[in-house]
Amino acid sequence: MEWFLTLLTVLQIVSALSVIGLVLLQQGKGADMGAAFGSGASGSVFGASGSANFLSHATAIFATVFFLSTLGLTWVGNKKTTVPGVLSGSTLPATGDVPVPVAPVAPNAPPASPAKNAAAPASATEPAAAKDVGKPVVPK
């Protein structure tokens, strides 16, 4: 593809320079008035009336080549090449292989209290019997 880009660039430059040269060689419409009075137009390189036809046809051909090479360069320049990315060789896991996420525990939840044991000693805050009203309570 690189050779095609080089070929189109060379064609465009050659055709552009040719069009510029051919336009500068051509005479304007007002220059024909001198030829009507016999100013020696018959001794020209292309003949008496052949220069206008040859130069205008050559200009049209080189202008067509210029426009076609410009379109070709535009087409080649706008062609986007895809570059493989970092993850181009990786594959996604199948839908059945995805683990189910576990809900996280709330950070401010109170800790679970242990179960009460029936054989635990009596606490010191139990009310004393009526006869032991004045005595201090000592844990057993």
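User: What share of the 140 residues in the protein is buried?
Analyst: Buried residues account for 7% of the 140 residues. Please note that this is a predicted model.

User: How confident is the prediction, then, in terms of mean pLDDT?
Analyst: The mean pLDDT of the protein is 75, and 58% of its residues reach 70 or more.

User: Where is confidence lowest, and where is it highest?
Analyst: Helix 2, residues 32-36, has the lowest confidence, with a mean of 58. The highest is found in helix 1, residues 2-25, at 93.

User: How many helices and strands are there in total?
Analyst: The secondary structure consists of 3 helices and 0 strands. Read from the N terminus, the order of elements is α-α-α.

User: Of the contacts between residues at least 6 apart in sequence, what percentage join residues at least 24 apart?
Analyst: The figure is 85%.

User: Let us go to individual residues. Where does serine 69 lie?
Analyst: Serine 69 belongs to helix 3, which covers residues 50-78.

User: Is serine 69 buried or exposed, and why?
Analyst: Serine 69 counts as buried because its relative accessibility is 2%, and the cut-off for buried is under 20%.

User: Which residues does it contact, leaving aside neighbours within four places in sequence?
Analyst: With those neighbours set aside, serine 69 is in contact with Leu8, Leu11, Gln12 and Ser15.

User: What about threonine 59, buried or exposed?
Analyst: Threonine 59 is also a helix 3 residue. Its relative accessibility is 13%, so threonine 59 counts as buried.

User: Which side chain makes a polar contact with threonine 59?
Analyst: The side chain of glutamine 26 does so, at 2.8 Å. Not counting residues up to four places away in sequence, threonine 59 touches Gln26 together with Val19, Leu22 and Val23.

User: Histidine 57 next. Is it buried or exposed?
Analyst: Histidine 57, in helix 3, is exposed because its relative accessible area is 53%, where the cut-off for exposed is over 50%.

User: How far apart are histidine 57 and leucine 22, in sequence and in space?
Analyst: They are separated by 35 residues in sequence. In space, the C-alpha to C-alpha distance between histidine 57 and leucine 22 is 10.0 Å.

User: Changing topic: how many aromatic pairs does the structure hold?
Analyst: The structure holds 2 aromatic pairs. One of them joins tryptophan 3 and phenylalanine 4, with ring centres 5.9 Å apart and planes at 75°, so that pair is edge-to-face.

User: How accessible are tryptophan 3 and phenylalanine 4?
Analyst: Tryptophan 3 is exposed, with a relative accessible area of 62%. Phenylalanine 4 is partly exposed, its relative accessible area being 25%.

User: And why is the pair of phenylalanine 66 and phenylalanine 67 edge-to-face?
Analyst: The planes of phenylalanine 66 and phenylalanine 67 stand at 65°, with ring centres 5.7 Å apart, so the pair is edge-to-face. The cut-off for that label is an angle over 60 degrees.

User: What is the accessibility of phenylalanine 66 and of phenylalanine 67?
Analyst: Phenylalanine 66 counts as partly exposed at 26% relative accessibility. Phenylalanine 67 is exposed, with a relative accessible area of 55%.

Notes
Residues numbered from 1 in each chain as written. Predicted model: local features only at pLDDT ≥ 70, side-chain atom pairs only at ≥ 80, totals over all residues. Heavy atoms only, no water. Helix = DSSP H or I, 4+ residues; strand = E, 2+ residues; numbered from the N terminus. Buried < 20%, exposed > 50% of the residue type's maximum accessible area, 1.4 Å probe, protein only. Contact = heavy atoms within 4.5 Å. Polar contact = N/O pair within 3.5 Å; in protein donor to acceptor, adjacent residues only side chain to side chain. pLDDT = per-residue confidence, 0-100. Phe/Tyr/Trp six-rings, centres within 6.5 Å; stacked < 30°, edge-to-face > 60°.
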